[in-house]
Amino acid sequence: MKKTNVHRLLDKEKVAYQIHEYAWKEDSLDAETAASQTNIPLEKVFKTLVTVGDKTGPVVVVISAQDELNLKKLAKVSGNKKIDMLPMKDLEKTTGYIRGGCSPIGMKKSYPTYIDSEAKGLEYLVISAGKRGSQVELSPEDLRTMTEATYADLRAE
């Protein structure tokens with residue numbers, strides 16, 4: 001197994017983590033597939049979404065794979081009037097990551113990051129390790145510290 005930039009950054013900060021790898025396919029890059037392929041409960045797997053606010057520019061969101069993002073809630077907590085999903089064609093140039101391998105840790109630049117408040121009560125969560133087929137398990141608080149994130153209620157009702 002080759003270490004990713006995410007692993008190196010976690011090692012540098014002495015953050016405890018566990019790696020989960022699986023065989024990925026181009027047509028199934030979603031967090032639900034990652035959960036089933038690694039036998040991790042879906043409620044522990046979180047996806048990284050990148051949005052663009054009219055005032056702030058890129059805003060990163062970490063939310064449970066089983067939930068949908070409420071853009072209005074995100075706009076309000078992030079200080080934007082309007083927020084949209086970042087077009088997929090802009091993902092790599094904005095974050096340094098490709099679809100299916102986007103991690104909130106180690107992006108090209110530091111962007112405002114929000115973790116859904118549901119994560120606070122979890123012992124651990126699982127996010128992308130920065131490449132397709134690789135997930136990393138860590139505590140929500142370690143993720144918050146690494147990304148300088150804010151917890152917020154971001155789920156669609």
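The buried residues of helix α1 are covered by elements that include β1 (18-21), β6 (125-131), β7 (134-138) and α5. Helices (H or I, at least four residues) and strands (E, at least two) are DSSP runs, numbered from the N terminus. The model is predicted: local features need pLDDT of at least 70 and side-chain atom pairs count only at pLDDT 80 or more, while totals for chains, interfaces and linings use all residues. Residues are numbered from 1 along each chain as its sequence is written, and side-chain values use heavy atoms, with hydrogens and water left out.

**Overall architecture**

- The chain has five helices and eight strands, which follow the pattern α-β-α-β-β-α-β-α-β-β-β-α-β along the sequence.
- The radius of gyration is 14 Å, close to the 15 Å that the globule rule gives for 157 residues, so the chain is as compact as a globular protein of that length. The radius is taken over C-alpha atoms, and the globule rule is 2.2 Å times the number of residues to the power 0.38.
- Taken along the principal axes, the C-alpha atoms fill a box of roughly 45 × 35 × 30 Å.
- Buried residues make up 50% of the 157 residues; buried means under 20% relative accessible area, exposed over 50%, and partly exposed in between (1.4 Å probe, protein chains only).
- Of the contacts between residues at least 6 apart in sequence, 63% join residues at least 24 apart, where contact means heavy atoms within 4.5 Å.

**The five-stranded sheet**

- An open sheet with mixed pairing is formed by five strands in the order β4-β2-β3-β5-β8; two strands pair if DSSP finds at least two bridges between them.
- The edge positions belong to β4 (83-85) and β8 (150-152), each with a single partner strand, so one side of each is left without a neighbour in the sheet.
- On average, neighbouring strands of this sheet are turned by 35° against each other, direction ignored.
- Strands β2 (residues 46-53) and β3 (residues 57-64) pair in the antiparallel sense over eight bridges, and V61 in β3 is the bridge partner of L49.
- Helix α3 (residues 71-78) packs on the sheet, touching β2, β3, β4, β5 (113-116) and β8, and its direction makes about 125° with that of β4. Axes are lines fitted to C-alpha atoms, for helices over the stretch in contact, and angles run from 0 to 180 degrees between N-to-C directions.
- Helix α5 (residues 140-147) lies across β3, β5 and β8, and runs at about 165° to β5.

**Helix α1**

- V6, H7 and L10 are buried in helix α1 (residues 5-12).
- Seen down the axis of α1, these buried residues fall within an arc of 100°, so they line one face of the helix; the arc is that of the directions from the helix axis to the C-beta atoms.

- β6 is mostly covered, with six of its seven residues buried.

**Nonpolar cores**

- The largest nonpolar core has 24 residues, and those with the most contacts inside it are I127, L138 and L143. Such a core is a set of buried Ala, Val, Leu, Ile, Met, Phe, Trp, Tyr and Cys residues joined through side-chain atoms within 4.5 Å.
- At least two residues of this core come from each of α1, β2, β3, β6 and β7, and β6 gives the largest share, three residues.
- Leaving out residues up to four places away in sequence, L138 touches L10, V15, A16, Y17, I105, Y124, L125, I127 and L143.
- A second, separate core of eleven residues includes I63, L69, A152 and L154.

- S64 is found in strand β3 and, at 0% relative accessibility, counts as buried.
- Beyond its neighbours within four places in sequence, S64 is in contact with L42, E43, V45, F46, K47 and E118.
- F46 is found in strand β2 and counts as buried at 2% relative accessibility.
- Not counting residues up to four places away in sequence, F46 touches V62, I63, S64, A65, A119, L122, L125, V126 and I127.
- F46 and E68 are 22 residues apart in sequence and 11 Å apart in space, C-alpha to C-alpha.
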